[in-house]
Amino acid sequence: MKKSSRGQRIFTITVVLIGLLTTGCSRGYAKEKTQDDMRAENIIITETGEVMEKPTPQAAATEEPTPTPEQGNAVQEPAISGSQNGQQAQAAATPAVDVDIPVQEQVITEEDQTEPQGYNLQLVFLGDSIFDNNRDGTGVPYLTAKQCEADVYNLAIGGTSASIEEGEVSDIEKWTSRGLCGVANAMGKRIPTDIFQGTRTGELLDNPHIDFSQTDYFIVEYGTNDFFRGVRQSDSDAYNLHTYGGALRYSVSRLREVAPDATIIFCSPMYAQFYKDGYLVGDGNTTNNGQGTLFDYAGTCNYVANEQGALFFNAYLDLGITGYTAEEYLEDGVHLTDAGRQLYADALAKIILNYEETKNN
């Protein structure tokens, strides 16, 4: 089915799923429970007809460890998983999901801030191409900072993941990863900035006029590339950098070393649609990479944010991007249109400004 026939496919999927749900309910479960009871048990029927389970600490992440009372939300010094553990994790991971991964050209203009402007708030963005591509006055970081009247430094790098990728070295002495953990380590002067040469992030990290210790908000957005690469969401090692959840946890400790008083906002992956050779083959609710759907990765992000005492922005559910609105807000099924970026920035700015008001009161 071509992209132009998406409505017909959604209708077909909806009919099949509703039929399956009806059949399943006839086996005794729904006979004893009302529709309200089912909703109370976190069953969601989305606007496009998909039947999903709402992310909870139990369902959102596999084998997520429970923090001990001694751990709480305190900054810890987690051990970095060795190369052997990393290789085992990668070997167990399913190969990347077989869909076309869209790539956008990066646009940079003078609106991309590289020097302090003297605003009271300082926002630092870390992420992938969702934040990195549009450095021209239409990107999410710039639009968010404009509403918050804040200095903004965009350390996102397109194509990167939260987790350490296969072939990358996580030994501090030989570090090679430019993803979330690498950027956090570089801000804290734990690793050299050489690996970031040729990126805007490298320029910002090397700028002596920028003081990252004065950051008020770290806005962290990763997960879509982790999903594309078939990265595990978690395993028995809570801080395994080769897992999505482990990398998120590790970054919290590193960022709090850089700016202990900063607020961390974890942004979940957004709803996405996936194509192969121009044909729609699935979306974030249905396409499973062997480690879960994109919806599941959003649940893991939620879990870790709650566990670590960070704020959480559920970009998957709260932006209102669905199968019905994807054409308006998604340029290629994954990246945001102008309207989508404004929508995202409006939501982030609201979170930040509301939190500032709460702090001031």
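## Close-up views of a predicted protein model

**View 1. Ala162 and the residues around it.** Leaving aside neighbours within four places in sequence, Ala162 touches Leu180, Cys181, Tyr222, Asp226, Tyr244, Ala247 and Leu248, where a contact means heavy atoms within 4.5 Å. This is a predicted model, in which local features need pLDDT of at least 70 and side-chain atom pairs count only at pLDDT 80 or more, while totals for chains, interfaces and linings use all residues. Residues are numbered from 1 along each chain as its sequence is written, and side-chain values use heavy atoms, with hydrogens and water left out. Ala162 sits in the loop between strand 6 and helix 7; helices (H or I, at least four residues) and strands (E, at least two) are DSSP runs, numbered from the N terminus. With 1% relative accessibility, Ala162 counts as buried. Here, buried means under 20% relative accessible area, exposed means over 50%, and partly exposed is in between (1.4 Å probe, protein chains only). Look for Tyr222 too: Ala162 and Tyr222 are 60 residues apart in sequence, yet their C-alpha atoms are 5.6 Å apart in space.

**View 2. Ile172, in the loop between strand 6 (150-154) and helix 7 (180-187).** Ile172 is partly exposed, at 22% relative accessibility. Its C-alpha atom is separated by 7.3 Å from that of Arg190, which is 18 residues away along the chain.

**View 3. Helix 7 and its packing partners.** Eight of the eight residues of helix 7 are buried, so this helix is largely enclosed by the rest of the structure. They are Leu180, Cys181, Gly182, Val183, Ala184, Asn185, Ala186 and Met187. What do these buried residues pack against? Their partners are strand 4 (121-127), helix 8 (200-205), strand 7 (217-221) and helix 10 (244-258). Following helix 7 you will find Lys189, which has a positive phi, near 60°.

**View 4. Two loop residues with positive phi.** Glu149 is a residue other than glycine with phi near 50°. Glu149 belongs to the loop between helix 6 (140-148) and strand 6, and it is exposed, with a relative accessible area of 57%. Asp277, also not a glycine, has a positive phi of about 55°. The loop that holds Asp277 runs between strand 9 (273-276) and strand 10 (279-283). Asp277 is exposed, at a relative accessible area of 56%.

**View 5. Aromatic pairs.** The structure holds 12 aromatic pairs. Rings of Phe, Tyr and Trp (its six-membered ring) pair if their centres lie within 6.5 Å; planes under 30 degrees apart count as stacked, over 60 as edge-to-face and the rest as tilted. One of the pairs is Phe125 with Phe131, edge-to-face at 5.2 Å centre to centre and with 80° between the planes. Phe125 is buried, with a relative accessible area of 0%, and Phe131 is buried with a relative accessible area of 0% as well. In Phe227 and Tyr297 the ring centres are 5.8 Å apart and the planes lie at 85°, so this pair is edge-to-face. It links distant parts of the chain, 70 residues apart: Phe227 is in helix 9 (residues 224-228) and Tyr297 in helix 11 (residues 294-308). Phe227 is buried at 0% relative accessible area, and Tyr297 is buried at 0% relative accessibility.

**View 6. An aromatic cluster, and an arginine over a ring.** Phe227, Phe228, Tyr244, Phe274 and Tyr297 form one aromatic cluster. In another spot, Arg254 lies over the face of Tyr250, at 4.9 Å from the ring centre. A charge sits over a ring if NZ of Lys or CZ of Arg is within 6 Å of the ring centre and within 35 degrees of the ring normal.

**View 7. Helix 14 (residues 338-360).** At 1.5 Å a residue, the 23 residues of helix 14 should span 33 Å, and the end C-alpha atoms are 33 Å apart, which agrees. The expected span is 1.5 Å times one less than the number of residues. The buried residues here are Gly340, Arg341, Tyr344, Ala345, Leu348, Ala349, Ile352 and Glu356.

**View 8. Residues 1-94, where pLDDT stays under 50.** The model has 136 contacts beyond four places in sequence for this stretch. pLDDT is the predictor's confidence in each residue, from 0 to 100. Where pLDDT is low, the predicted coordinates should not be read in detail. The protein averages a pLDDT of 81, and 73% of the residues score at least 70.
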